[in-house]
Amino acid sequence: MIFAATISLERIGALLSRIREQRPLVHHITNPVTAGDVANITLALGAAPVMARAAEEVEEVVAGALVLNTGTLTASAADAMVRAGRRANALDIPVVLDPVGAGTSSFRSSQIHRLLGEVRCAGVRGNAGEVAALTGSSGAVRGVDATAEARDVADRARELARRSGAMVAATGAEDVVTDGTAAVRISNGHPLLARITGSGCMATAVVAAAVAVEADPFAAAVMGLLCFEIAAELAAARAGGPGTFRAELIDAIAALDGAAVARRARVAPA
């Protein structure tokens with residue numbers, strides 16, 4: 001089944017195999033609230049996490065991909081992210097930005113725009129409200145959670161992709177992934193994702209692992225999000241509630257194969 005010009009469900013099994021065979025190192029400069037979840041989902045998928053945050057060392061870490069997560073942002077953390085991002089750019093290491101809480105404060109928004117301006121990002125993965133905020137729209141943001149009109153999500157994501165030159169993945173009840181021209185909508189996932197802390201951070205981690213082994217960030221994001229959202233469906237079927245869902249999600253990612261994704265994928269042009 002072909003669902004975009006360069007992506008087919010048949011490629012997903014090959015992507016999962018490459019991640020598990022190559023075990024790419026993914027450097028996460030992330031927030032302490034979800035660092036454990038991010039490391040565990042990265043390991044379960046088959047990649048290897050490194051969680052170096054100190055400004056004194058971030059430029060020395062050479063990985064297959066770099067994640068910049070603004071969840072508990074400080075001025076010194078932003079400076080470290082810029083230093084790491086510039087070094088990654090110099091080494092042609094793809095950078096994925098997770099603009100957690102964009103729009104919640106002028107400081108946070110200005111620092112996220114600084115990151116987009118000073119670091120060449122291969123991709124941006126945020127929720128619909130964060131993506132809307134980065135385009136100057138009025139998507140509602142509550143803490144690190146957000147809502148936005150579903151009909152506007154694809155337009156806002158395309159706008160941000162065109163402005164930034166990055167692939168943009170806007171996640172929520174449905175996910176939209178776009179490179180500014182092509183766009184797909186993913187309808188997989190489960191409401192329990194909204195009842196645990198760090199589900200967005202974990203989604204970004206899966207996308208980053210895919211970007212580390214797939215040269216096309218758009219294709220990597222679509223395939224990575226399909227894997228994450230379908231793993232969430234499988235985990236929810238076995239979970240008794242949010243607590244067990246978190247553990248089941250790790251197990252589902254570890255056990256996932258391309259055939260399961262092909263059977264369950266719900267994806268269409270956006």
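**Buried strand residues, helix packing and nonpolar cores**

Gly 123 is placed in strand β7 (residues 123–127); strands (E, at least two residues) and helices (H or I, at least four) are DSSP runs numbered from the N terminus. The model is predicted, with local features requiring pLDDT of at least 70 and side-chain atom pairs pLDDT 80 or more, while totals for chains, interfaces and linings use all residues. Residues are numbered from 1 along each chain as its sequence is written, and side-chain values use heavy atoms, without hydrogens and water.

Gly 123 counts as buried because its relative accessible area is 0%; buried means under 20%, exposed over 50% and partly exposed in between (1.4 Å probe, protein chains only). Apart from residues up to four places away in sequence, Gly 123 touches Val 95, Val 96, Leu 97, Ala 166 and Met 167, where contact means heavy atoms within 4.5 Å. The C-alpha atoms of Gly 123 and Ala 208 are separated by 8.6 Å, and the two residues are 85 residues apart along the chain.

Asp 98 lies in strand β6 (residues 95–98) and is buried, at 0% relative accessibility. The side chains of Asp 98 and Thr 204 make a polar contact (2.7 Å). Such a contact is a pair of N or O atoms within 3.5 Å; within protein, one must be able to donate a hydrogen and the other to accept it, and residues adjacent in sequence count only if both atoms are side-chain atoms. Beyond four places in sequence, the contacts of Asp 98 include Leu 68, Arg 125 and Cys 201.

In helix α2 (residues 35–45), the buried residues include Asp 37, Ile 41 and Leu 45. Among the elements covering the buried residues of α2 are β3 (25–29), α7 (199–213) and α9 (242–255). Gly 46 follows α2 and has a positive phi, near 120 degrees.

The largest nonpolar core has 58 residues; Ile 41, Val 177, Leu 226, Phe 228, Phe 245, Leu 249 and Ile 253 touch the most other members. A nonpolar core is a set of buried Ala, Val, Leu, Ile, Met, Phe, Trp, Tyr and Cys residues joined through side-chain atoms within 4.5 Å. Helix α8 (residues 217–238) supplies the largest share of this core, 15 residues. A second, separate core of 35 residues includes Val 82, Ala 84, Ile 112 and Leu 115.
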